[in-house]
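Have a look at the model first, then read on.

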Amino acid sequence: KAGTTWMQHIVYLIMTKDFNNKSQQEERFPQVDFSSGVMIDPPKHVAAIAARPSPRMIKTHLPRHLLPAKIGKGKLIYVARNPKDNIVSWYHFSQRIKAYQYTGSLNHMIDCVLS
């Protein structure tokens with residue numbers, strides 16, 4: 001809920017100028033650290049990303065120094081958002097996603113994040 005999906009769309013359109021692509025976000029920006037909330041098989045996944053044509057666009061939550069050497073040499077875009085906005089966005093997102101089953105108040109979520 002920090003704006004990374006918007007950033008991915010913007011970068012994809014700037015890099016490819018392909019306004020008609022209907023592929024899923026995960027196909028355009030494979031994720032290095034997690035996939036559907038589960039830690040991925042790093043060597044296999046990094047090899048698949050390295051085999052993609054250049055320029056490669058990936059998504060990660062890892063800082064640059066923890067990225068595999070084959071990936072960490074490229075240009076990075078760091079997305080940061082005001083933490084207050086991020087919590088409110090996460091609250092509304094978690095209310096809509098049934099899998100999270102979050103029914104608490106915004107104040108409760110703030111307390112959980114800050115503790």
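## Ser94 and its neighbours

Leaving out residues up to four places away in sequence, Ser94 touches Tyr100, Tyr102 and Met109 (contact means heavy atoms within 4.5 Å). This is a predicted model, where local features need pLDDT of at least 70, side-chain atom pairs count only at pLDDT 80 or more, and totals for chains, interfaces and linings use all residues. Residues are numbered from 1 along each chain as its sequence is written, and side-chain values use heavy atoms, with hydrogens and water left out.

Ser94 lies in helix 4 (helices are DSSP runs of H or I, at least four residues, numbered from the N terminus). With a relative accessible area of 2%, Ser94 is buried (under 20%, with exposed over 50% and partly exposed in between, using a 1.4 Å probe and protein chains only). A polar atom of the Ser94 side chain sits 2.9 Å from the backbone oxygen of Tyr91.

## Helix 4 against helix 5

How do helix 4 (residues 83-96) and helix 5 (residues 106-114) cross? Their axes come within 10 Å, at roughly 120 degrees (axes are lines fitted to C-alpha atoms over the stretch in contact, and angles run from 0 to 180 degrees between N-to-C directions). The pair is therefore oblique (angles under 35 degrees count as roughly parallel, over 145 as roughly antiparallel, 65 to 115 as roughly perpendicular, the rest as oblique).

Helix 4 brings Ile87, Val88, Trp90, Tyr91 and Ser94 to the contact, and helix 5 brings Leu106, Met109, Ile110 and Val113.

## Over at Thr16

Thr16 is in helix 1 (residues 4-16) and is partly exposed, at 34% relative accessible area. Its side chain reaches the backbone oxygen of Tyr12 at 2.7 Å.

Terms used
Helices (H or I, at least four residues) and strands (E, at least two) are DSSP runs, numbered from the N terminus. A polar contact is a pair of N or O atoms within 3.5 Å; within protein, one must be able to donate a hydrogen and the other to accept it, and residues adjacent in sequence count only if both atoms are side-chain atoms.
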